[in-house]
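Please walk through this structure with me, one region at a time. Keep the sequence and the 3D view side by side.

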Amino acid sequence: MEIQELTAFQHSEEIIQPFTISCVEDTVVVCTKDHTLVLRLKYKHIVEDGAICYELSRIKCSTARPTGALIAHEATLYHASSMEQRRRIMLDQTIFPNIAKVYICNVQSWISPPGVFEDNPREHLVANVTNMGQLTIYRLEEQCQSSWNTYVDVSDTWQSHIYDRHPIEAYDELQIMVDEMTITCFAWETTIHQHPVRFAFGTKSGKIVFCNLKPNVPKIEHVHQEEEASRVIKYISVPGQHHFLLVGLESGRLGVYRFGGANQLGAFFVQYIATYFEEDLCISAIECEVERKANGTEQLLIIAVKATYLLMIEIDFDGTLRSSATLSMENFMITGLQQVCPRRYIVCTLPGKMFHLQVDEVSSRSGLQIAQQEVATDLNVGSYALYGVAASRTRTGWFILGYPSRRFDHLTLRSPTCIFFCRFNQRDALEMLLANSTYRLESYHDAAEMVRFHGNKQPKTLAPLEDAQLELSLDEQSIYQLKLQLIQLSARISYNTKRNQAFTLGLYAQHRFICALIEGINAARIVRWLVEKYTQRKAALHPMQQEALRCLRNFIRTLTAEAQCPGECEYLLTKLKPTLLEVLEAADQIETPAIADEVCSFCDAPIYAYREQCPDSHAVFRCVLTKIQITLECEEITCEICQRYSIGPTVLGTVLEQSMAIVDYRKCCICDAPFKGSGSKSV
């Protein structure tokens, strides 16, 4: 097994703790000392400079001090305190945060699962907890897609719930209220099944709070009191069942809470008893799988990280402990844990070692069988310590967080945080794209990006796409296969741009030709639908539909008659041309109103409706229309993701060079992004 580095992003922020990188779908979040870095994948079919298509935005660490809202006279309380209490005051900056300078930093940032907003399921929220116990949830600003604004202040809601603004006169009461207000951990539910969205957080005083997130207002549903503070929380949501909360308590115990369902909130916990630890260790991370077996048995497989050890247990939904095992990684400090597939995990350690774990059941109840294998990497672990690992939606892209382990280069220290973009040879992105039976790219953008970037580094990996002989028709599979060709052509364009400019121009021609074929196929589908409406349904076409028919018909005729076919792709048009001509023959039977020909700006010669230029091929300067009226049974015209036009005729009937006919009536034919809006409408 091997993890291979493809490229790296470096940033000036500092990393202060492990498990600070995570990924949800196509968004990567890195929690640094002063900022939360958010990398969002904006997939493009062609990137000439070979850069990874991730856009970076930052969330500044909140400077709020929740415990500063407590009304207390600091000098009076200090002088009335015992010597031990005074020591606590001097060591804990959350007790009197308004007197002296406090040092505020991030503790952790969590990105929400998809589906938080019903009207925009692709949008995410980011929750952040600071060392002052401040919990804030941020939302990306709609107008400026690089700025994050405060969505809700959860700490403010919690403060209003527990504190009535009365003056505090004794140290013991002050310490209790400080612990009550200080939030230590947070968790989104793993999968959103219903709205409003629920989440949970823990406090330093041992409270575990269940909330739901109504629009702009968090509502506290239930508060559970535990004997000790919680340090890490994992919220497991199971549709149609009780939900589970896994809590790493301060003493090292693992608390399992079951709640929700038809009954009132109920809680129980399974306590792990150490076998050979002199003192048990705190849990720093938790992963969990929900398993449903063929015999109807339901259980949770829980993996908890304890310093250099992994604790694995299986429990039933009623809390019965089925089996357990403990594994020592024999490396200093586990810093990353990421699932590859059910019962398969990648573990990274601080010195730079990476391991693949396979957890299997055994026939006896004595424990679990764990197979461990070291993963070879080409990362610069001699200079960088590893602080976390995350994987993309399809597990084809892997992100490993590095921070300098020694002061080896003063120039590197200016941007010490390094995010390594890697590929795992056990999860081949190209094989996943070829095996995609949905013929959609919307859930495989990360795999497409890895194929494109890996092909940019090693073009020979694109051979399965390059050598493929396609059989085209007017179906979704043909369009999907053409999009795969765009991926490999884009990778080869990036690879050859600086090596052979003349060869690259040929690739550009193939790229434009395949784009034209996609447009032609979709234009033919729309024309065929209009013809069927006119002939079979005996329905008259609306004047705007007649204009659309004329424009698309002229575009198809231009494609079949004047398309510049690169040698390698000529067979595609040869096989597709009879089908297009058949569509044209049927469409020519419908009369469309005549319009005046466009006139050339240089020689005043007419530009006929089926041509893009005058007979002398002068340059034509047209005003690109951003809003075009077309009445079709579709939901939207312009894709906001790739900014391509679904149908874009000019006012005089020609087709814009950027035009894109739609694949279906709900999604963009290039990036598969869903259109907004509903019903037949004009844009």
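Contact here means heavy atoms within 4.5 Å. This is a predicted model, in which local features need pLDDT of at least 70, side-chain atom pairs count only at pLDDT 80 or more, and totals for chains, interfaces and linings use all residues. Residues are numbered from 1 along each chain as its sequence is written, and side-chain values use heavy atoms, with hydrogens and water left out.

Start at Thr36. Beyond its neighbours within four places in sequence, Thr36 is in contact with Val29, Val30, Ser57, Arg58, Ile59, Asn106, Ser109, Val126 and Asn128. Thr36 lies in strand 4 (residues 35–41). Helices (H or I, at least four residues) and strands (E, at least two) are DSSP runs, numbered from the N terminus. Thr36 counts as buried because its relative accessibility is 1%. Buried means under 20% relative accessible area, exposed over 50%, and partly exposed in between (1.4 Å probe, protein chains only). The side chains of Thr36 and Ser109 are joined by a polar contact of 2.7 Å. A polar contact is a pair of N or O atoms within 3.5 Å; within protein, one must be able to donate a hydrogen and the other to accept it, and residues adjacent in sequence count only if both atoms are side-chain atoms.

Now the pairing of strands. Two strands pair if DSSP finds at least two bridges between them. Strand 2 (residues 21–24) and strand 3 (residues 27–31) pair antiparallel over four bridges. Val24 stands opposite Thr27 in strand 3. The two strands form a hairpin with two residues between them, and Glu25 in the turn has a positive phi of about 55 degrees.

Further along is an open sheet of four strands, in the order 17-18-19-20, paired antiparallel. Strand 17 (285–292) and strand 20 (321–328) stand at the edges with a single partner strand each, so one side of each has no neighbour in the sheet. Seven bridges join strand 19 (residues 309–316) to strand 20. Within this pair, Leu311 stands opposite Thr326 in strand 20.

Helix 3 (residues 154–162) comes next. Its buried residues include Val154, Ser155, Trp158 and Gln159. They cover an arc of only 135 degrees around the axis, which puts them on the same side of helix 3. That arc is taken over the directions from the helix axis to the C-beta atoms. At the start of helix 3, a side-chain oxygen of Asp153 reaches to within 3.2 Å of the backbone nitrogen of Ser155.
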